[in-house]
Amino acid sequence: MNASNPHRTRGATAYIITFLLATIAIALIAALLLNIFERKSEAKNPYIRLVEVDEDSTDPEQWGINWPKQYESYLLTAETTRTRFGGHGGSEALPEEKIDRDPWLKRMFKGYAFSIDYRDRRGHAYMLEDQEQTERLSKPQSGSCLHCHASIMPVYRELGDGDAMAGFEATHKMSYQELNKIVHDMGHGHPVSCVDCHDSATMKLRVTRPGFILGIQALAESDAPLPQMPSIERWRKGSRDQAYDPNRLASRTEMRSFACAQCHVEYYCSSAMPLEFPWSKGLRVEDQEAHWNATTFEDGKRFYDYIHTESGAEILKAQHPEFELWSQGIHSRAGVACADCHMPYQRDGATKVSDHWVRSPLLNVNRACQTCHHVEEKEILARVDAIQDRNFKLLQRGGTALMALLDAIADAKEAGATQAELKEALEFQRKAQWRLDFIAAENSMGFHAPQEAARILGEAADYARQGQVAALKAMATAKESASSTPQR
Ligand code: HEC
Ligand code: HEC
Ligand code: HEC
Ligand code: HEC
Ligand code: HEC
């Protein structure tokens with residue numbers, strides 16, 4: 001061999017260069033593969049647990065050690081936020097009074113604790129505190145109130161000797177203060193916490209609240225069409241020997257709304273009966289009305305939330321029916337869940353993190369809406385504002401119509417009309433108020449289902465005016481009989 005052979009030297013140099021290049025290429029590929037592998041396993045198993053959490057771990061701080069990203073965003077629910085209709089204004093301990101904006105609300109609620117104090121909602125961090133401070137508690141309230149305002153499941157299990165459902169059924173008879181003390185004494189005085197939406201062993205999304213579980217079972221057993229909840233439609237076609245179980249049967253998309261439907265729904269809560277979600281006939285406003293109309297108290301009387309102190313009508317009070325209104329809109333029909341808009345994903349390396357800062361999506365249009373709507377942010381906001389503005393104006397008209405009905409009833413009474421003679425007008429008041437309140441108490445100002453909201457408000461105004469006509473007739477009759485009775 002002759003090392004000085006120029007051909008050979010060149011050949012060797014070429015060989016070495018090729019070798020080096022190949023080595024570098026292999027190293028690069030290996031690094032890339034390793035990186036992909038790491039990212040994949042990170043995506044597959046992002047949960048390296050530093051501390052154990054179990055079903056009794058209601059303190060979110062504990063969970064935050066394992067899942068710092070979700071915890072950090074969860075803590076932001078304590079921030080003050082504001083949009084035209086959402087969030088709240090003011091920096092007091094409690095948010096601004098809703099009543100100042102819609103003065104007719106106060107007259108509509110005469111006879112109900114709400115006419116004492118009705119405030120705008122705030123972030124999740126405040127749910128227990130705001131409830132403990134409301135002036136509505138100056139009237140006795142039931143322990144059922146805590147179902148949606150505290151991380152209460154361990155308390156239900158304790159009270160029911162391990163059976164949460166039994167514990168839940170014991171709480172409506174307890175006073176708010178009594179149950180609130182137990183919640184704090186047991187160390188569970190936290191607002192909605194990780195364990196309320198996640199299985200502590202698997203982190204899978206789940207529902208825990210007895211009110212929701214019983215309500216959704218009754219809904220499944222009804223014959224209301226539910227194209228937006230396919231797992232219920234599938235269950236209905238099966239043998240039905242076991243009640244519908246959302247935790248076993250619902251799809252992930254459905255669970256991304258069910259988790260919120262544990263609380264953001266219409267309900268009845270008092271010491272008279274266990275907390276109830278009125279879904280046995282469906283989710284529409286008239287289905288829920290039919291449910292309440294078919295409900296009776298222990299004494300056999302027809303159900304009502306309060307007697308209107310001015311007119312004497314038996315009134316149904318609506319509470320935040322976000323889940324129900326959403327269920328009637330185009331987004332639910334298209335499989336868009338609460339979490340898609342209110343907890344959108346944020347990218348973090350290879351993992352997607354759900355934003356646990358649950359708030360108005362209008363503060364986060366980029367991630368909440370533009371993933372699906374490829375339209376400028378300004379245009380999206382303008383579309384929402386158009387919907388909300390129309391809804392707000394229709395709501396005010398409904399309020400005006402209801403006030404006219406109440407005025408007519410007052411005039412009729414003044415002229416001597418009896419409760420019996422006013423029966424028709426009072427029934428119209430019940431129907432009109434139920435619809436008006438349904439949309440006033442719903443928190444999206446019509447956005448969750450714009451056409452459905454407009455239909456409901458149209459009916460509300462119509463019933464109020466029909467009631468006004470009935471009251472005017474009752475007044476005419478009363479005046480007539482007064483003038484035909486001989487004076488003594
Ligand atoms: C397509 C997106 C979308 C979906 C899906 C959706 N929402 Fe909303 N939600 C909105 C918008 C937009 C508003 C109006 C926010 C505002 O006025 O600032 C809103 C308002 C709210 C509010 C009041 C927020 C505030 O800041 O005052 C609550 C509570 C709420 N939604 C709960 C729910 C629940 C529960 C579900 C599921 C049953 C749901 N939303 C589904 C878009 C959505
Ligand atoms: C355990 C009951 C409970 C659950 C579960 C729950 N919420 Fe709430 N939510 C509340 C209460 C109570 C408030 C009002 C707190 C206050 O005003 O102090 C609230 C407030 C809100 C607000 C208003 C926030 C603000 O800054 O004004 C939005 C938006 C909201 N919730 C959406 C959701 C969504 C979306 C889900 C499901 C991912 C959900 N909530 C799950 C009880 C619940
Ligand atoms: C089925 C679940 C549920 C039950 C039961 C419940 N709440 Fe709430 N509460 C909510 C949700 C959701 C909100 C936020 C939406 C809103 O304010 O409309 C809220 C908001 C509130 C607020 C802040 C806004 C306001 O209306 O002033 C107070 C105070 C409150 N609740 C008190 C009570 C009291 C008192 C009871 C018992 C009579 C009770 N809650 C029972 C779900 C519930
Ligand atoms: C009101 C219900 C609710 C509460 C309370 C809640 N989460 Fe979540 N969480 C969700 C939803 C909805 C998702 C999305 C799950 C899905 O699509 O499978 C989620 C997803 C997650 C995930 C999976 C990864 C991701 O970000 O999508 C983790 C981890 C998580 N949450 C941790 C927490 C921790 C820690 C807390 C308490 C600090 C918490 N969550 C409180 C509803 C909740
Ligand atoms: C996961 C996808 C998805 C997300 C997220 C989403 N949308 Fe939609 N949106 C749809 C679909 C699907 C429709 C139905 C119309 C269609 O098929 O194009 C729709 C319809 C609408 C409409 C017409 C409503 C009507 O009743 O006719 C408006 C307005 C709208 N979206 C606004 C928003 C806003 C604002 C957000 C964010 C808060 C949002 N969307 C988030 C998918 C989405």
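Tutor: A residue is near a molecule or strand if its C-beta atom, placed from the backbone, lies within 6 Å of it. By that rule, 28 residues surround ligand 1. This is a predicted model, in which local features need pLDDT of at least 70 and side-chain atom pairs count only at pLDDT 80 or more, while totals for chains, interfaces and linings use all residues. Residues are numbered from 1 along each chain as its sequence is written, and chains are lettered from A and ligands numbered from 1 in the order in which they are written.

Student: Which residues are the closest to ligand 1?

Tutor: They are Thr 83, Gly 86, Cys 338, Cys 341 and Ser 360.

Student: Which helix gives the most to the shell around ligand 1?

Tutor: Helices (H or I, at least four residues) and strands (E, at least two) are DSSP runs, numbered from the N terminus. Here, helix 17 gives the most, with four residues. Helix 13 (252-261) and helix 15 (322-326) also supply at least two residues each to the shell around ligand 1.

Student: How do the residues of this shell around ligand 1 divide?

Tutor: Ala, Val, Leu, Ile, Met, Phe, Trp, Tyr, Cys and Pro count as nonpolar, Asp, Glu, Lys and Arg as charged, and the others, Gly among them, as polar. The shell around ligand 1 has 13 nonpolar, 11 polar and four charged residues.

Student: Which residues come nearest to ligand 5?

Tutor: Of the 16 residues around ligand 5, the nearest are Ala 334, Cys 341, Pro 361, Cys 369 and Cys 372. Helix 16 (330-333), helix 17 (338-342) and helix 19 (377-414) each supply at least two residues of that shell. Helix 19 gives the most, with three. The shell around ligand 5 consists of 11 nonpolar, three polar and two charged residues.

Student: How is a pair of packed helices described?

Tutor: Two packed helices are described by the angle between their axes and the distance between the axes. Axes are lines fitted to C-alpha atoms, for helices over the stretch in contact, and angles run from 0 to 180 degrees between N-to-C directions. In this model, the axes of helix 19 and helix 21 (residues 450-484) come within 8 Å and cross at roughly 15°. Helix 19 is therefore roughly parallel to helix 21 (angles under 35 degrees count as roughly parallel, over 145 as roughly antiparallel, 65 to 115 as roughly perpendicular and the rest as oblique). The contact between helix 19 and helix 21 involves 22 nonpolar, four polar and three charged residues.

Student: At what angle do helix 20 and helix 21 pack?

Tutor: The angle is about 160°, and the axes of helix 20 and helix 21 are 8 Å apart. Helix 20 is therefore roughly antiparallel to helix 21. In the contact of helix 20 with helix 21 there are 15 nonpolar, three polar and four charged residues.

Student: Where does Met 445 lie?

Tutor: Met 445 is in the loop between helix 20 (423-441) and helix 21. Although Met 445 is not a glycine, its phi is positive, at about 50°.

Student: Is Met 445 buried or exposed?

Tutor: A residue is buried if 20 or more other C-beta atoms lie within 10 Å of its own, exposed if 12 or fewer, and partly exposed in between; C-beta atoms are placed from the backbone. Met 445 has 23 other C-beta atoms within 10 Å, so Met 445 is buried. Asp 161 also has a positive phi of about 50° without being a glycine, and lies in the loop between helix 6 (153-159) and helix 7 (164-171). Asp 161 counts as exposed because it has 8 C-beta neighbours inside 10 Å.
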